[in-house]
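Please read the following note beside the sequence and the three-dimensional view. It is written for a reader who is new to describing protein structures.

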Amino acid sequence: MTATTSPVLSPHQSSAVISAPGERFRAARRQTMYLCQPLTPEDMMVQSCAEASPAKWHLAHTTWFFESFVLREFLPGYRVFNADFAWLFNSYYESFSAFPEKRLRASFSRPGLDEILRYREHVDEAMERLFEREPEAEALRRIELGANHEEQHQELLLTDILNAFYTNPLKQRYREQGTKGTREQENREQGNAGTKTQPLGFAEFEGGLREAGHAGGGFCFDNELPRHRVWLEPYALADRLVTCGEYAEFMADGGYRRPEFWLSAGWDAVKQNGWRAPLYWSDSEGEWNVFTLRGELPLKELAATPVSQVSFYEADAYARWAGRRLPTEFEWEAAVESQPVEGNFLDSGEFAPVPSTNLAQDQNGTKYYGDCWVWTSSAYLGYPGFHPLDGTLGEYNGKFMSGQMVLRGGSCVTPVRHIRVSYRNFFAPETRWQFSGIRLAK
Ligand SMILES: [Fe+2]
């Protein structure tokens, strides 16, 4: 996309600690525009699966959030850019306004991209006027929420573009390569073709009475509170994610044809959807290929790379086939509590999972964050004493606490500053279009 006037923030710059509200806001806004740079206006119109939204819609909706929940309430004399945008770009806030059906977002050829970019500039300029007035505490809380909201949509923008390009027969790349060069390329140069998988180990944990949920200061979503006690039996957690090569062994062993590995609803999903591999895997003349944001790559080059785009049902079936299980969200959190938030995030510029052997290892050699969100066996529920935010923003998380599973740890398209140990992502168990993978437990 070329029609941007926003300055560019590279992924590497974005990981800097940004504390002032104005800087926080500007960094989040710039990063969204940076991610749109490789896209044409036509790319930004595509809505290729039910879960996805067009990139143009993401640009407008994140702007709508600041207009609706910050500027309209906290900037005296603010004039809305276009009164129709108040309902047009509302996603799901029933108490705010009516809103269009999600599946219609690809029909929004009007307003055009130029008008959406002017909308962003209009709101960004008004936000600067608000910052000059030293916003009150509630406005600052909403701005921090809005920046986190925009970061969530940055991840969605990339997962949605991946699906859009996957469904385009030309199989276009989003980026030619990561900013450090592709891992596959490095592997080839090192002569190992990415096939050397670090042996799977398990870290043992004593369990006992532990605390879970957000602690201390800093931002968190309402669904991370209150901090509360949980009881854990002794357990062990794998020291890396399941790889594409290992997942291919499950497939070769009839994984998708043997109901004994599957939950009943999972087996139904296999049959109804014709699943026989992760979402972006396709076979040609007996060879599997995997579509990524860097184009289509041979599976044999990804053997040591974490498997991604699997549903909860597939993760659970793989674990049962392997004689293991998925961790609970509290086992993951207790294991990771003392670990630094390090791993392959959006800021690496890879835009894809990378083999664990390629990562700079920390002292114990284990990375629990990044690459792929980890499906847990925990249903997405409110913690004991959970209270949603007051008012319309109470619809942000709480109303989705039914029929979804918790995922932990962030992915290769999650901004690093967005993730933390208590962070709870959630999706329906059949969801496959996210960077969702598998970490085994026992
Ligand atoms: Fe949103």
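1. Basis of the note. The structure is a predicted model, in which local features need pLDDT of at least 70 and side-chain atom pairs count only at pLDDT 80 or more, while totals for chains, interfaces and linings use all residues. Residues are numbered from 1 along each chain as its sequence is written.

2. The chain as a whole. The secondary structure comes to eleven helices and 13 strands; helices (H or I, at least four residues) and strands (E, at least two) are DSSP runs, numbered from the N terminus. Of the 442 residues, 45% count as buried. A residue is buried if 20 or more other C-beta atoms lie within 10 Å of its own, exposed if 12 or fewer, and partly exposed in between, with C-beta atoms placed from the backbone. Among contacts with a separation of 6 or more, 79% are between residues 24 or more positions apart; two residues are in contact if their C-beta atoms, placed from the backbone, lie within 7 Å.

3. An open, antiparallel sheet has the strand order 5-6-7. Strand 5 and strand 7 each have a single partner strand, so one side of each is left without a neighbour in the sheet. The twist averages 35 degrees from one strand to the next. Two strands pair if DSSP finds at least two bridges between them. Strand 5 (residues 281–284) and strand 6 (residues 287–292) are paired over four bridges, and Trp 281 has Val 290 of strand 6 as its bridge partner. Strand 6 also pairs over four bridges with strand 7 (residues 295–298), where Leu 297 is the bridge partner of Val 290.

4. The two hairpins. Two residues lie between strand 5 and strand 6, and Glu 285 in this turn has a positive phi of about 50 degrees. A second hairpin, again through two residues, joins strand 6 to strand 7.

5. Strand 10 (residues 373–379) pairs with strand 13 in the parallel sense over two bridges, and Trp 373 has Ser 436 as its bridge partner in strand 13. Axes are lines fitted to C-alpha atoms, for helices over the stretch in contact, and angles run from 0 to 180 degrees between N-to-C directions.

6. Helix 2. The 16 residues of helix 2 (residues 21–36) should span 22 Å at 1.5 Å a residue, and the end C-alpha atoms are 23 Å apart, which agrees. The expected span is 1.5 Å times one less than the number of residues. Buried residues of helix 2 include Phe 25, Leu 35 and Cys 36.

7. Backbone details. Most residues other than glycine have a negative phi, and most peptide bonds are trans. A cis peptide bond joins Arg 110 and Pro 111, with omega about 0 degrees; another joins Leu 225 and Pro 226, with omega about -10 degrees. Glu 134 has a positive phi near 55 degrees and counts as exposed, with 9 C-beta neighbours inside 10 Å. Gln 309 has a positive phi of about 60 degrees, but counts as buried, with 26 such neighbours inside 10 Å.
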